[in-house]
Amino acid sequence: MRVRGANSSEFEDWPGGPIGEAGGREELNRLFSVAYEELRRLASAIRRADPKAMLSPTTLVNEAWLKLAGSGGVSWESPLHFKRIAAKAMRQLLISAARRRGAMKRQGDGALLVTFDEDLPAATPEGCGVDEILRLDAALDGLARLSPRQASIVESRFFGGLEVAETAQLLGVSEATVARDWRVAKAWLSRELRKEG
Amino acid sequence: MDPMRYGRLQELFHDAVDLEGEARERFLASVEDGLRAELMELLAEDERAVPLLGKDLGAVAAEALEDIPSGLMAQAFGPYRLEKLLGEGGMGLVFLARRDDLGSVAAIKILRDSWLSPSRRERFLAEQRTLAELRHPAIASLYDADTLADGTPWFAMEFVEGAPITDHCEARKCGLQERLALFRRVCEAVQHAHRHLIIHRDLKPSNILVSGAGEVKLLDFGIAKQLAATEDRTKTGLHLMTPAYAAPEQLRGEATGIYTDMYCLGVILYQLLTAKLPEAGVAPSAARHVAASRAAWSELDVLCQTAMHAEPARRYGSVEALLRDLDHFRAGEPLEARPDNWSYRAGKFVGRNRSWLAIAAAVAAMVVFYTVRLREARNEAVAEAARSQRMMRFVLNLFEGGDRYAGPAKDLRVVTLVDRGVDEARALSGDPEAQTELFRTLGDVQRKLGNFEKADTLLRDALEQRRNARGDRHPDYAESLLDLALLRADQARFEDAERLAREGVDLIRRAHPAGHPAIAGALEALGKVLEERGSYEKAIGVMDEAVALRTGSRETTQADLAASLAGLANVHFYAGHYKESEALNRRVLSIHKQVYGPKHPAVAEDLVNLGAIQQDTGNYVEAEKYQREALAITRPFYGEDHPRTAAGLTLVARSLIMQKKLDESAALLNQALAIRERAFGPMHPQVASTLNEVGNVALLQERYAESEAAFKRVVAIYRAAYQGKHYLISIGLSNQASVYMAQKDFARAEPLLREAMVMYRQTLAPTHVNVGIGRIKLGRVLLRLKRHGEAKVETQTGFDILSKQTNPAVSWLNNARKDLAEEDAALRK
């Protein structure tokens, strides 16, 4: 589990690996802010049914990269490296937001939480997105125990919008391997989601 | 499922997935029972090929990240209740709120999803603190702040109902003067922030609202930075700001400073003038939008383009400077920045040869003079117009070699520059008053350049003209006497200097009622002369009187008083009265802190002086503390790459050398060196002076190759800069010799020392302390080369010179004594 509790910072217990190599906490915080604001932008575009709502994770992460890279002082080794980490940030962000939202729903109108939730705008089809993403997260954690590489590929591609070629380069494997991994991982995850759903 | 089983399952999946029909059936039949069911499920999922999630990421985000938390509107925010959403930004939401009890309104800003990351929370609170610090009619003020029960922070601020400044001007079809008046107001607000050491960093029209009544309000300090905070390159906040207004250094992720806001102000001015965002290479006049004369446009181009110059160092140095030029423009006076920031350019070229800062100050004084002079004479209508034209031409000719567009020739030396100025000034014979002023100013520049004869002619001419025009009892004449007195002191003609200064003081005393500030000014000049003469006690008496006058006068500004006190502090310092000097410097410091705030360069200068006292009295740890404190002001104020920052680094490094913290010292010196190389080019004397320190530290560290290389460069630079003849070349040579002496290569040291001595003889008095040290060193070399007779002559002469100094260098004297004993012993044999 990456998230200790709804109130803790995402980066408090981020596991080692690429994140640790990426540089200081400062950089991560910065990345987190960028990811947050990009996601915010995307979310509000969708909500307003804006034409720009066609934004995909790919454009999202690319734009975040352009902004951060353009701001200099970024210690990311490469755009790919960045995208990989941005994908993680996106995932963390979405999951913790969804988790918090889920928790509040369950708590109903608890006194501490009157400011949030209870009734959502009717226009938004309730539930499936938030619950689904939480289940996907759990399934992805499960997959990581079986095949860390496949979990990594799914995370990069799904949350970071990395192309097959980019993912291959990043993980140092052939594109064919990425394609094969992606296919089986996706089938596996779909099965997991269906099982629970 | 375990990884092994999953691995096996995968293999089977890949084998099966491309098989069809019977082939697949056969394959499945061959699969072990335990995995078959799972394999079939996977294959079924693969065939369905549904996306992992029913929605794309954006839709999930839309759901997970709420728009407006629904219970929010019902919450009480202190005495306020939310009415409607005004806007949203990266950080949070802004609502219009109303006070239940008073009915007054406010804007309430709420940090959205505050639980997500501590850094966002910190940034939000930083904005709140900034607003609390800034109280200015053109800055939206903070009313209240608190946290909701769930931990969401919020603050209430002044609600500004208005339009972005650009929209306001368009809607009202404002004319040029109105636009400039509004812009001036914006500048004042930014100036206020800068005085509190806060850089806004996100100045743009949408953050500058103008109310219906025409009131300007600056908003959104969301990514503002405390200048005092150590420069943190990772926090430029770029990803949060609007690229069109980002200064080039922000885009490059480099350090930001007040110059960053200067750039944004330039962009806003450009927009006010053209109703467009700036395009590279398009002057505002080419995209004009408001009506103004051709001449006015040419001035506005300069104003605008100076403010938004790509190089931070060539922008207006402060909002004050920009405001001054705005006012010059509105009063029809020449701009200080014209053309292409010539004062910067002049400073740069003038600085080639001698103390960069002193000369830049002299040039700045010239600029101020023209401006003041022109403003004073403004009412003289036609005559004045002719004069300002002549003045402008004068300045242009002086610094541009007569051709503004060609720019100054690369080899244009300051001497040439000022000589040309003198020719120009002489040609101004139709305007004796202006001519006299020019003679005074140019004479002062020549004096600071060390061209005493030329200064002499100019200052005497000015004196003569004043005597003729005003008589020899007029305070203007007295002023000229004081100018000449300071020159005489520099010429080491101390008796003349003192006589002239006293005459000047007497005249001024007679011309003004007792207690007049002009008397204090004259006394300060006399004090300076006495100080140079070495009559410290007399100087102290005179300076004391000046300080008393300043203290007693109602007209004295705190800054004048501080300047007077600082002069007295200096005399005490030179007289070795460190306690008095320290107390005075502390007083100056507290005045400066009060007048300019705690982080002003004037404060830094006082700290440097206090540090120098500690350094001189051997308290190197204290010295380091002061110098570091000064640097902490200088560095963020001027920026990472400014020569002043380099000077500050050097002072810290010096305090470290004496504490034997050589590695740290070397690191700081190398930083200073890099800055100076960038600012002045690799062959500038300023670079040589830092290299000299670098070489000394390397020598102490016994890194001889590095030390030698540094001193060799020092010599090469000084040779080039001073056409082969200057005592600084000798210092470089003598230091290079020290490297060989440390390695016991005395034969190699000798010719260097000999050359150094020859040049000392041509450039310094024979009794100068450097000559003494040089001779003692040469004596040591000859002693080691066993040429005892020659050695003794050098050592003895050196010893005699040093022992007559007021502050003899004890370690050199001791060395000389030891060598003399050895030499005598050898000679007796």
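Two residues are in contact when they have heavy atoms within 4.5 Å of each other. By that criterion, among contacts in chain B between residues at least 6 apart in sequence, 58% join residues at least 24 apart. The structure described here is a predicted model. The briefing covers chain A, chain B, a sheet in chain B, and selected side-chain pairs.

**Chain A**
- The secondary structure of chain A consists of eight helices and zero strands.
- Of its 197 residues, 54% are buried.
- Among contacts in chain A between residues at least 6 apart in sequence, 64% connect residues at least 24 apart.

**Chain B**
- Chain B contains 34 helices and eleven strands.
- Buried residues account for 53% of the 829 residues in chain B.
- The accessible surface of chain B is about 35900 Å², with 52% belonging to carbon and sulfur atoms.

**A sheet in chain B**
- Three strands of chain B form an open sheet in the order β7-β9-β10, with antiparallel pairing.
- Its edge strands are β7 (162–164) and β10 (216–218) of chain B, each of which pairs on one side only.
- From one strand to the next, the twist averages 35 degrees.
- Helix α7 (residues 176–195) of chain B packs on this sheet and touches β9 and β10 of chain B; the direction of the helix makes about 35 degrees with that of β10(B).
- Strand β7(B) pairs with β9 (residues 208–211) of chain B in the antiparallel sense over three bridges, and B:Ala163 has B:Val210 in β9(B) as its bridge partner.

**Aromatic pairs**
- Over all chains, the whole structure holds five aromatic pairs.
- One of these is edge-to-face because the rings of A:Trp188 and B:Tyr6 have centres 5.1 Å apart and planes at 70 degrees.
- This pair crosses between chains, from helix α8 (residues 175–196) of chain A to helix α1 (residues 3–17) of chain B, and both A:Trp188 and B:Tyr6 are buried.
- The rings of B:Phe77 and B:Trp154 have centres 5.3 Å apart and planes at 80 degrees, so this pair is edge-to-face.
- B:Phe77 lies in strand β1 (residues 76–77) of chain B and B:Trp154 in strand β6 (residues 153–157) of chain B, 77 residues apart.
- B:Phe77 counts as buried because its relative accessibility is 0%, and B:Trp154 counts as buried because its relative accessibility is 2%.

**Charges over rings**
- In chain A, the charged end of A:Arg157 sits over the ring of A:Trp182, 4.6 Å from the ring centre.
- In chain B, the charged end of B:Arg99 sits over the ring of B:Tyr80, 5.9 Å from the ring centre.

Conventions: Residues numbered from 1 in each chain as written. Chains lettered and ligands numbered in written order. Heavy atoms only, no water. Helix = DSSP H or I, 4+ residues; strand = E, 2+ residues; numbered from the N terminus. Buried < 20%, exposed > 50% of the residue type's maximum accessible area, 1.4 Å probe, protein only. Areas by Shrake-Rupley, 256 points an atom, 1.4 Å probe, with all protein chains shown as cover. Pairing = 2+ DSSP bridges. Axes fitted to C-alpha atoms, helices over the stretch in contact; angles between N-to-C directions. Phe/Tyr/Trp six-rings, centres within 6.5 Å; stacked < 30°, edge-to-face > 60°. Lys NZ or Arg CZ within 6 Å of the ring centre and 35° of its normal.
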